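Let me put the structure up, and then we can walk through it together.

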Amino acid sequence: MENELSRVVDMLPGLVWTALPDGQVDFLNQRWREYTGLGVDEACGEGWLTAVHPEDLPGLLERWRSILASGELREMEVRLRRFDGEYRWFLFRTCPLAHASGQVVKWCGMNIDIDDRRRAEEVLRAHERRFRSIVDGFPALVALRTPAGNLEYANRRYLEYFGATLEKLKRSAGGDDFHPDDLAEVLAAWREAAETGLPCDIECRHRAGGVYRWFHMHGFPLRDTDGRIVLWYLVHTDIDDRKRAEAALAEEKRLLEMVASGHSMSAILKALCQVVERTASGCYCSILLVDQSGTRLEHGAAPSLPASYINSINGRPVNVDSGPCATAAYLNQQVISVDLKMETRWAYGWRQIALAHGLRACWSTPISSTTGKVLGVFAVYYDEPRTPTRREQSLIQQITHIASIAVERAQNDAALRRSEAFLAEAQHLSSTGSYLWRAETDEITWSEETYRIFELDRTVPVTLERISTRVHPDDLPAFKEQVERARCDGSNVEFEFRLQMPNRSVKYLRVLSHSSRDESGQLEYTGAIQDMTERRLSEEALAKVRSELAHMARVTSLGALTASIAHEVNQPLSGIITNAGTCLRMLAADPPNIDGARETARRTIRDGNRASEVITRLRALFSRKSATTESVDLNEATREVMALSLRELQRNRVILRPQLADDLPLVTGDRVQLQQVILNLLLNASDAMSCVDDRPRQLVIRTERDEGDRVRLSVQDAGVGLEPQGVERLFEPFYTTKNGGMGIGLSLSRSIIESHHGHLWAAPNDGPGATFSFSIPRRSEGATGARRLGAIRTHAVATARHAMRKP
Amino acid sequence: MVVRSLVSVVDDDESVRESLPDLLREFGFAAQAFSSAEEFLASDCVCRTGCLILDVAMPGMSGPDLQCELMRRRKEIPIVFITAHGDETVRPRLLEQGAVECLFKPFSDTALCEALNAAFRVH
């Protein structure tokens, strides 16, 4: 029986052994011995320990001792060396054999080969490690949750991100970490996913390191072979930066829309400040603008700063001493003052004001135009020391950029408004309107002044028909022809026509138009319409006055002219009498000289006519009125004459250079007579240069103080000059060097000047030409002006003056 | 053949230059007209002229100027001045300087005839 038992024990499918109560092994079955290759003698006692893997030995011994001490049943997993040296895993099971008293009398043990199981487990563990390393290495925050929502696992990034251990996270209730505003939405999404088993997708705020950040949570289920959901993978992506960027973009869009829709600049600047104050909480913002001169800062916006602070900054000069904003504007670079208490700059000015208002940090950033010009400064203040973060810097960049757009837009708008106003004013002043005409569609755009000229209602669209109703009936065919020709050949247009207004008044217009093609190749005309009416009327008035003045220039004092008149009349009379005498003698001859008599009689008639013409010509001189004397500003009188004769001078290509003294005293005299003299001198000078082609036809008219309380006026030409012997004779009545001239101008001029107690003379220039000058006394203090001058004053002169003063 | 005495007329007025030579021919003289003193001096008539009818006021060289010039050249031609300026003070001065006569335009044919007779009588 014992043998049989022994054989059974040897054949048991395990390594069986027994030990004494003190742990000394006293039996090992055959399988044990076969497996280890150890003999009974070698293995009994403590010899069996040599078969235990050295790494497992200390643990085994400790365990074995505690088992022996406690007498309890225990299990251990230990590697045993096989006879061929290979170790395999075994489960050591020991069981105490005890007396009724409880004292252990023997230990029975069995080692079961669990190597295959252990290896399988090992593989599984390796799989799991690999899985975890993959999940841990995943570039996202990954959590595994049970279908009930409990956290099962979180990857390393997840733990690092939230700064907690897996255990801690498992302990905390899941909902706490979500933003209260988002919680309901998160739970609803989770419930829906759990019900449907479909992947879920949600954006929510999650607390990390004490602050909420935006996350995108993407959950998808893991199912077992039966299709039941066993786990949810949740991938969390931090989208806080993206969310902020989106919000910033939305703000930027809103602000740019404000700019585009023409909100006032101050409203936009205020909104900019508020955006920053909302986004970076705890700060105060301001925008200062550089004024037009570029030398001072002026208030732009500061919705949250006290007025007393704003007022103390407004108007500060742009330099490095006025404060951080002025410095930033001056240097065109950002100025960061992290802690005003530690700040050494602006020590006695700005810094104290800022500190007094409780400000501790100030970051000033210039707002630059596209061309790099500093338009203003954006400032961020804090009431605690602070350095801008990267995110704050990028916000500042964004805001200053929008501010620059807003300010530039506002400045451009203002410039445009100014330029439009200027243009409208210029059009009004010059009575010139403009228009745009698209020949294809007959679309017409008019400027305000054009409407004014045509006197048409600007609320009704302009059409060619409407324009035609204003065109003078006599000019209408020509007008229509011009329009049609322009439409056909696209050439530039220049023509004049008249308007007839409803009140029958007539306007003279001049049109200048330039053709071009628009983007689509359509013909369009841009043109100017000038209202010439005033000019035309003034020209007519001027021409009339000039002829009247010229007529008067031939009228002079009787005394100076009596001899001249006699001379003019006696010449033809002499011819008449001589011819008549000759005629009589020829008739009385024998035989009578009939042909000679006829010829002399013919001459008699001719000379008689000539005498009659002289009388007619001189009759004008007899119609005269007495003149008053008055204080005359010779400069002003000269300017009027220049205005009067300018056209004549220009026609003769004369360059008029006035040099009128600033402090010229007044003179006493007859203004019109003096003007006749000036006119005479100007026209003479112009005539003297009519053949000059090798040098500029320059005419200098000069007024100046002369010796002995006198005033001198000189007219210097670059003409043919004077004949040396002829200088004095120039001033004799009827002396002339001109073809067709009556020679009365200079003699008349001299007599006028002499009646003003002055004198008139001529002198050759150093260079070409001559200078004619007169010098008359200045007005004496307390002069009565009672002196009567031989002069003419007519209504025409008054009209002339009136006309000359018109613009 | 009768050689007629030559009377030269110097006057810038064309109607005088036209009418006077015809009248002088009626009187029986040969006549030649010049529009200026310069033209007369340049002509070949200076030596042949028996009497000079001379306008006082002319552009360029005046009548008295020509008188002086002739005296300088020792050409003693009797001169009858004519003038359209009815200035009585002119006449005595001209006569004093050797003129035969000074006639104020317009003058009659008889006054001219007498002056010419006087001129030719002197010489």
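How are H9(A) and H14(A) oriented to each other, roughly parallel or roughly antiparallel? Before I answer, some housekeeping. This is a predicted model, so local features need pLDDT of at least 70 and side-chain atom pairs count only at pLDDT 80 or more, while totals for chains, interfaces and linings use all residues. Residues are numbered from 1 along each chain as its sequence is written, and chains are lettered from A and ligands numbered from 1 in the order in which they are written.

Now the answer. The axes of H9(A) and H14(A) cross at roughly 10 degrees and come within 10 Å. An axis here is a line fitted to C-alpha atoms, for helices over the stretch in contact, and angles run from 0 to 180 degrees between N-to-C directions. The two helices are therefore roughly parallel; angles under 35 degrees count as roughly parallel, over 145 as roughly antiparallel, 65 to 115 as roughly perpendicular and the rest as oblique. On the H9(A) side, the residues that meet H14(A) include Leu255(A) and Val259(A). By class, that contact has 8 nonpolar, 1 polar and 2 charged residues. Nonpolar means Ala, Val, Leu, Ile, Met, Phe, Trp, Tyr, Cys and Pro, charged means Asp, Glu, Lys and Arg, and the others, Gly among them, are polar.

H9(A) has another partner. Helix H9 (residues 240-260) and helix H10 (residues 265-279) of chain A pack at about 170 degrees, with axes 10 Å apart. That makes H9(A) roughly antiparallel to H10(A). Leu255(A) and Val259(A) are among the H9(A) residues here too, and H10(A) contributes residues including Leu272(A). Two residues are in contact if their C-beta atoms, placed from the backbone, lie within 7 Å.

Keep Leu272(A) in mind. Which residues touch the most other members of the largest nonpolar core? They are Leu272(A), Ala329(A) and Ala403(A), in a core of 51 residues. A nonpolar core is a set of buried Ala, Val, Leu, Ile, Met, Phe, Trp, Tyr and Cys residues joined through C-beta atoms within 7 Å. Buried means 20 or more other C-beta atoms within 10 Å of a residue's own, exposed means 12 or fewer, and partly exposed is in between, with C-beta atoms placed from the backbone. H10 and helix H14 (390-429) of chain A are among the elements giving two or more residues to this core. Beyond its neighbours within four places in sequence, Ala403(A) contacts Leu269(A), Leu272(A), Ile287(A), Ile367(A), Gly376(A) and Phe378(A). Another core, of 41 residues, lies apart and includes Ala37(B) and Val80(B).

Next, a sheet. In chain A, 5 strands form an open sheet in the order S2-S1-S5-S4-S3, with antiparallel pairing. Two strands pair if DSSP finds at least two bridges between them. Helices (H or I, at least four residues) and strands (E, at least two) are DSSP runs, numbered from the N terminus. S2 (25-28) and S3 (74-81) each have a single partner strand, so one side of each lacks a neighbour in the sheet. From one strand to the next, the twist averages 25 degrees. Between S4 and S5 of chain A there are 9 bridges, and Phe90(A) stands opposite Asp113(A) in S5(A).

Finally, the whole of chain A: it has 24 helices and 27 strands, and 30% of its 807 residues are buried.
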